[in-house]
Amino acid sequence: MSSHAIAWWVAGVSGVGLAALAFLLLRRFPLLSGLRWFVPALVLMLGLAPYRFDEAHLAPAWVVAVFRTFFEAGMDPGPPWRLLGAAATGFCAAYIAALSLRGVGHAILRRFRPRPAGAPEAQIDAEGALGAPKQVK
């Protein structure tokens with residue numbers, strides 16, 4: 001295996017380990033349990049986003065950004081940082097859209113799902129005068 005492949009393996013295993021750790025930690029806190037899939041997925045996406053740093057090789061964008069920011073004089077660190085920002089923004093937008101579609105799907109299913117046998121038949125009577133109190137049938 002080449003050193004390039006070994007570096008990607010190390011980045012992949014590290015990203016999966018960090019995502020698993022984030023998942024386990026977020027399961028312990030009930031207030032943050034809604035983020036237990038979002039944060040690990042974001043960690044994996046940002047940790048493994050590829051960036052072409054020369055004509056022949058790709059590297060994780062965060063590695064290229066850190067090296068260009070702190071260790072390589074004269075190199076512009078902006079493009080890898082912008083790639084990470086755009087990837088995070090796109091991921092957040094896709095996640096919000098997926099949650100919205102999930103909510104719409106639940107609302108539709110709740111509206112058209114038949115009642116289970118033995119369920120109470122109470123319904124609110126919406127018909128009648130506007131000022132009249134609503135009655136339960």
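**View 1. The buried residues of helix α3.** In helix α3 (residues 61–70), the buried residues, meaning those under 20% relative accessible area with a 1.4 Å probe and protein chains only, are A61, V64, A65 and R68. Seen down the axis of α3, these residues fall within an arc of 100 degrees, so they line one face of the helix; the arc is taken from the directions that run from the helix axis to the C-beta atoms. They pack against β1, β2 (58–60) and α4, where contact means heavy atoms within 4.5 Å. Helices (H or I, at least four residues) and strands (E, at least two) are DSSP runs, numbered from the N terminus. The model is predicted, so that local features need pLDDT of at least 70 and side-chain atom pairs count only at pLDDT 80 or more, while totals for chains, interfaces and linings use all residues. Residues are numbered from 1 along each chain as its sequence is written, and side-chain values use heavy atoms, with hydrogens and water left out.

View 2. R68 is buried yet has no salt bridge, and the nearest side chain of opposite charge, that of E72, is 4.1 Å away. A salt bridge requires a side-chain nitrogen of Lys or Arg within 4 Å of a carboxyl oxygen of Asp or Glu; Lys and Arg count as positive and Asp and Glu as negative, whereas His and the chain ends are not counted. Leaving aside residues up to four places away in sequence, R68 touches Y51, F53, M75, D76, P77 and P80.

**View 3. Helix α4 and its packing.** Helix α4 (residues 78–112) has 35 residues and reaches 51 Å from its first C-alpha to its last, close to the 51 Å expected at 1.5 Å a residue, the expected span being 1.5 Å times one less than the number of residues. Its buried residues, G78, P80, L84, A88 and F91, pack against α2 (38–48), β1 (50–52) and α3.

**View 4. Aromatic pairs.** Rings of Phe, Tyr and Trp (its six-membered ring) pair if their centres lie within 6.5 Å, and planes under 30 degrees apart count as stacked, over 60 as edge-to-face and the rest as tilted; by this rule there are five aromatic pairs. The rings of F38 and F91 have centres 5.6 Å apart and planes at 25 degrees, so this pair is stacked. It links distant parts of the chain, with F38 in helix α2 and F91 in helix α4, 53 residues apart. Ring pairs link F38, F91 and Y95 into a cluster.

Key:
Buried < 20%, exposed > 50% of the residue type's maximum accessible area, 1.4 Å probe, protein only.
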